[in-house]
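Here is a short report on one part of a protein model. Look over the sequence and the fold before reading on.

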Amino acid sequence: MQNSICPLCQTESSLFQNYKFRLYYECPNCKGIFMDSSQYMSFDNEKKHYSHHNNDVNDKGYQNFVSPITSSILKDYTPKDKGLDFGAGTGSAISKVLTDNQYQISQYDPYFHNHPNLLENQYNYIACCEVVEHFHHPDKEFELLKKLLFPDGKLYIMTHLYDSAIDFENWYYKNDTTHVFMYQKETMQYIKSTFGFTDVLIENRLIVFTK
């Protein structure tokens, strides 16, 4: 059964693209672009898919890719501050770089570092690199991420934002079938106001929310 209700703001949405029988909708309210939930992979198939990601934490190219987040955290926080790598995957260059600089960062991932006790604490900063596009329930996930931050804490996200200059049909980012929710700048502004963040900074792929 088709589901065109936006999983971020629960607004009825219109068909945006039918690509290889995958249905994508655009929300008129938050401007999120999302796959029909009836076409999501199962938990086990997602885990298998993610386990094939080549995440060599010592790879300089990988470390460079995540540097918008690691450089910001190294500038904004000290080793005394407490961080969470949310959606760390099979191997996290973010955690590697920060740990090498004596920073305290814990790794959480529902597939590979499933430590629910970490979600009962609060953190000065949270890193969320190439993760938010995988959220099946972005409303619940952003509510959780906000709750996990200390007052004035920061949430560092990396994702590729969509805009109207991009040809969606040929856009590489939607080709990963686990990328089920994609964001526009307006979506990030919606998240800021709806979940009560005090600020959002958007610099290319880096999005920083402040609690």
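This is a predicted model: local features need pLDDT of at least 70, side-chain atom pairs count only at pLDDT 80 or more; totals for chains, interfaces and linings use all residues.

The notes below cover a cysteine, a helix and a set of paired strands.

Cys128 lies in strand β6, which spans residues 123-129. Its relative accessible area is 0%. Buried means under 20%, so Cys128 counts as buried.

Leaving aside neighbours within four places in sequence, Cys128 contacts Ile69, Phe86, Phe135, Leu155, Tyr156, Ile157 and Met158. Thr159 is 31 residues from Cys128 in sequence. The C-alpha atoms of Cys128 and Thr159 are 8.9 Å apart.

## Helix α5

Helix α5 covers residues 138-148. Its buried residues are Pro138, Asp139, Phe142, Leu144, Leu145, Lys146 and Leu148.

These buried residues pack against several strands: β4 (82-86), β6, β7 (149-158), β8 (181-182) and β10 (206-210). They also pack against helix α6 (185-195).

β10 is mostly covered, with five of its five residues buried. Leu206, Val208 and Thr210 point one way from the strand. Ile207 and Phe209 point the other way.

β10 runs antiparallel to β7, and five bridges join the two. Here Met158 stands opposite Leu206 of β10. Met158 is also one of the contacts of Cys128.

Strand β9 (residues 199-203) is joined to β10 by five bridges, again antiparallel. Leu201 stands opposite Val208 in β10. The hairpin of β9 and β10 has two residues between the strands. In this hairpin, Asn204 takes a positive phi near 55°.

How values were computed:
Residues are numbered from 1 along each chain as its sequence is written. Side-chain values use heavy atoms; hydrogens and water are left out. Helices (H or I, at least four residues) and strands (E, at least two) are DSSP runs, numbered from the N terminus. Buried means under 20% relative accessible area, exposed over 50%, partly exposed in between (1.4 Å probe, protein chains only). Contact means heavy atoms within 4.5 Å. Two strands pair if DSSP finds at least two bridges between them.
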